[in-house]
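Please look at the sequence and the model side by side. The notes below go point by point. Find each residue in the viewer as you read.

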Amino acid sequence: MRKIAITFLFLLTVLVNAQELKVYQIYNQKEKKVDFGKMISELSKYDVVLFGEHHNNAVNHWLQLETTKALYQKKNGQITLGAEMFERHQQEALTSYLTNKTDDKTFQSSTNLWQNYKTDYKPLVDFAKEKKLPFIATNVTRKFASYVSKNGLASLDTIADTDKKYIAKLPFEIDYDAPGYPEMIKMMGDHAGLRAKQFVAAQALKDVTMAESILLNQKSGNLFIHYNGDYHSKSYGGIYWFLKKANPNLKIAVIEVLEAQDDTLSISKAKDEGYVPTEFIIIFPSASPKTF
């Protein structure tokens, strides 16, 4: 871990000091360049921030941490954290670590964490621990999403009542034309048929469960910052779609992330198919250091 951190800091220093290279570039919804301070000032006005990520992009994770620290200061500590990377059944273990009932070694050895937890998510968790902030395990328990992917939504009717707390309240509506889902079906090919629908249903189960977890823990005057794979909120789909369906008045900011080959980090060259500008778009160099 120490070697990875040193390598990242070295590469970050090189990128910062090289006149022709940038670590990141932030754009607003009008696709105008803005600085970090402006983004923080605007984000502090929202109820929920969905911060997209590319899971292995080290600069992306560093910026998530710096954004969280800045919003903590801006909101006088009135923030709640949550993440896709923790599943609902892991909440007890996560809370035990945050409240010093469990040490770090025990938490990591007894909890099935993502492979890049130490480098990418532990700094966020430890910040929450230091500041005594709630950190919510928002995602559905993985095995239930797998059930749906293989057997369809009806398979959820067979799970034990005691397990239903790990998924969003049933039934829930899936709009297969909502942003992101048509692209998923397209990626699976024209002949995917039912299999593609079940795959999207599994994705929707994750999205709706994360949305419900946010709604259950979002408080008036408090900013909920959620970290999730970019695909779960890009173009106002996924988590955002379910949040707005449940509460149209909720003020939600989406941070979409892109990677670009262009050294100037031009947004015009980084846009991908189906791109829709959100409140903020952050572009990283494709050469950004990766944690795996």
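1. Start with T67. Leaving aside neighbours within four places in sequence, T67 is in contact with F36, M39, I40, L43 and F51. Contact here means heavy atoms within 4.5 Å. T67 is found in helix α3, residues 58–74. Helices (H or I, at least four residues) and strands (E, at least two) are DSSP runs, numbered from the N terminus.

2. Is T67 buried or exposed? T67 is buried, because its relative accessible area is 1%. Buried means under 20% relative accessible area, exposed means over 50%, and partly exposed lies in between (1.4 Å probe, protein chains only). The side chain of T67 also reaches the backbone oxygen of L63, at 2.7 Å.

3. A word on the source. This is a predicted model, in which local features need pLDDT of at least 70 and side-chain atom pairs count only at pLDDT 80 or more, while totals for chains, interfaces and linings use all residues. Residues are numbered from 1 along each chain as its sequence is written, and side-chain values use heavy atoms, with hydrogens and water left out.

4. Now the cores. A nonpolar core is a set of buried Ala, Val, Leu, Ile, Met, Phe, Trp, Tyr and Cys residues joined through side-chain atoms within 4.5 Å. The largest one has 42 residues, and F86, F135 and I282 touch the most other members. Helix α6 (residues 117–131) gives this core its largest share, six residues. Another core lies apart from it, with 36 residues, including F144, F172, M210 and F242.

5. Setting aside neighbours within four places in sequence, I282 is in contact with Y24, Q25, I26, M39, F51, L63, I255, E256, V257 and L258.

6. Next, helix α4 (residues 91–98). Its buried residues are Q91, L94, S96, Y97 and L98. What covers them? The cover includes β4 (79–87), α5 (104–110), α6 and β5 (135–139). E92 also lies in α4. E92 counts as exposed, because its relative accessibility is 65%. Just after α4, N100 takes a positive phi of about 65 degrees.

7. How do α4 and α6 meet? Their axes come within 9 Å and cross at roughly 60 degrees. Axes are lines fitted to C-alpha atoms, for helices over the stretch in contact, and angles run from 0 to 180 degrees between N-to-C directions. So α4 is oblique to α6. Angles under 35 degrees count as roughly parallel, over 145 as roughly antiparallel, 65 to 115 as roughly perpendicular, and the rest as oblique. On the α4 side, L94, Y97 and L98 make the contact; on the α6 side, Y117, K122, V125, D126, A128 and K129 do.

8. A cis peptide bond joins L170 and P171, with omega about -5 degrees. P171 lies in the loop between α7 (142–151) and α8 (181–187). E31 is not a glycine, yet has a positive phi of about 65 degrees. E31 sits in the loop between β1 (25–28) and β2 (33–34). L265 is not a glycine either, and has a positive phi of about 55 degrees. Its loop runs between β7 (252–260) and α11 (267–270).

9. E31 is partly exposed, because its relative accessible area is 26%.

Technical notes:
Polar contact = N/O pair within 3.5 Å; in protein donor to acceptor, adjacent residues only side chain to side chain.
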